[in-house]
Amino acid sequence: MRLYTVEEARALLPVVLPVLERLCSAFTELRTLQAAVEASRRGSAADGSLTADPWSDAGENRMELLNARVRAEASRLDAWGIEVKDAATGLIDFRSRRDERVVYLCFRLGETSIAYWHTLEAGFAGRQTLSISPHTRRWRALQSAPGFPGTCLWPLPSHPQCRPSRSTL
């Protein structure tokens, strides 16, 4: 199971977007064709007009071709560890880690960047905007609290905030 940071997932979007667009296009065309097949079985479209033959497209079975394209594009995303949640809207999830738990970074075709996350259980309805994590928020609040020493509790010489000031030497 591949875990992405927000930065890694965002950096991969330019490569993912063409694949996702092809997936959505093929999936939408496939659904339209399936609806035409159903209508042709009934003999007419909803408005009563005769439907075109959905099986004729240069002698090929267009549905098989579209099915193969949908599977191929979905497999490409799966190989990158990206989960397709809704092929019609281009909804995908990248697994990530947030506050010591695995979550999804959520993206839908048409959005400009990855800006949302949700728990594995919550799904699309539980999307939240990416912002400072609760852990970081608590740490910053602690740092600004009266009486906080102003230096790290576990000093590391390589970290600027951890270096002892001249007044403490």
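**Notes on the fold and selected residues**

1. The protein's secondary structure amounts to three helices and five strands, where helices (H or I, at least four residues) and strands (E, at least two) are DSSP runs numbered from the N terminus. Read from the N terminus on, these elements follow the order α-α-β-β-β-β-β-α. This is a predicted model, in which local features need pLDDT of at least 70 and side-chain atom pairs count only at pLDDT 80 or more, while totals for chains, interfaces and linings use all residues. Residues are numbered from 1 along each chain as its sequence is written, and side-chain values use heavy atoms, with hydrogens and water left out.

2. Of the 169 residues in the protein, 28% are buried, a term that stands for under 20% relative accessible area, with exposed meaning over 50% and partly exposed in between (1.4 Å probe, protein chains only). The protein exposes about 11,000 Å², and carbon and sulfur atoms supply 55% of that area; accessible areas come from the Shrake-Rupley method with a 1.4 Å probe, and for residues only the protein chains shown count as cover. Among contacts (heavy atoms within 4.5 Å) between residues at least 6 apart in sequence, 45% join residues at least 24 apart.

3. Helix α2 covers residues 62-79, and its 18 residues should span 26 Å at 1.5 Å a residue, which agrees with the 26 Å between its end C-alpha atoms; the expected span is taken as 1.5 Å times one less than the number of residues. The buried residues of α2 are Arg62, Met63, Leu66, Val70, Glu73 and Leu77. Seen down the axis of α2, these buried residues fall within an arc of 100°, so they line one face of the helix, the arc being that of the directions from the helix axis to the C-beta atoms. The face of α2 turned away from that buried side carries the exposed residues Glu64, Arg71, Asp78 and Ala79.

4. What caps the N-terminal end of α2? The cap is Asn61, which has a side-chain oxygen 3.1 Å from the backbone nitrogen of Met63. Just after α2, Gly81 adopts a positive phi of about 80°.

5. The five strands of an open sheet are arranged in the order β1-β2-β3-β4-β5, with antiparallel pairing; two strands pair if DSSP finds at least two bridges between them. Strands β1 (82-86) and β5 (128-129) stand at the edges with a single partner strand each, so one side of each is left without a neighbour in the sheet.

6. The antiparallel pairing of β1 and β2 runs over four bridges, with Ile82 opposite Phe94 in β2 and Glu83 opposite Asp93 in β2. These two strands form a hairpin with four residues between them, and Gly90 in the turn has a positive phi of about 75°. Strand β2 is mostly covered, as seven of its eight residues are buried.

7. Strands β2 and β3 pair in the antiparallel sense over eight bridges, and Arg97 stands opposite Val102 in β3. They too form a hairpin, with two residues between them. Asp99 lies in the loop between β2 (91-98) and β3 (101-108), has a positive phi near 50°, and counts as partly exposed at 32% relative accessibility. Glu100 is found in the loop between β2 and β3 and, although not a glycine, has a positive phi of about 65°; Glu100 is exposed, with a relative accessible area of 70%.

8. Leaving aside neighbours within four places in sequence, His118 is in contact with Asp93, Val103, Tyr104, Cys106, Gly123, Phe124, Gly126 and Arg127.

Key
Polar contact = N/O pair within 3.5 Å; in protein donor to acceptor, adjacent residues only side chain to side chain.
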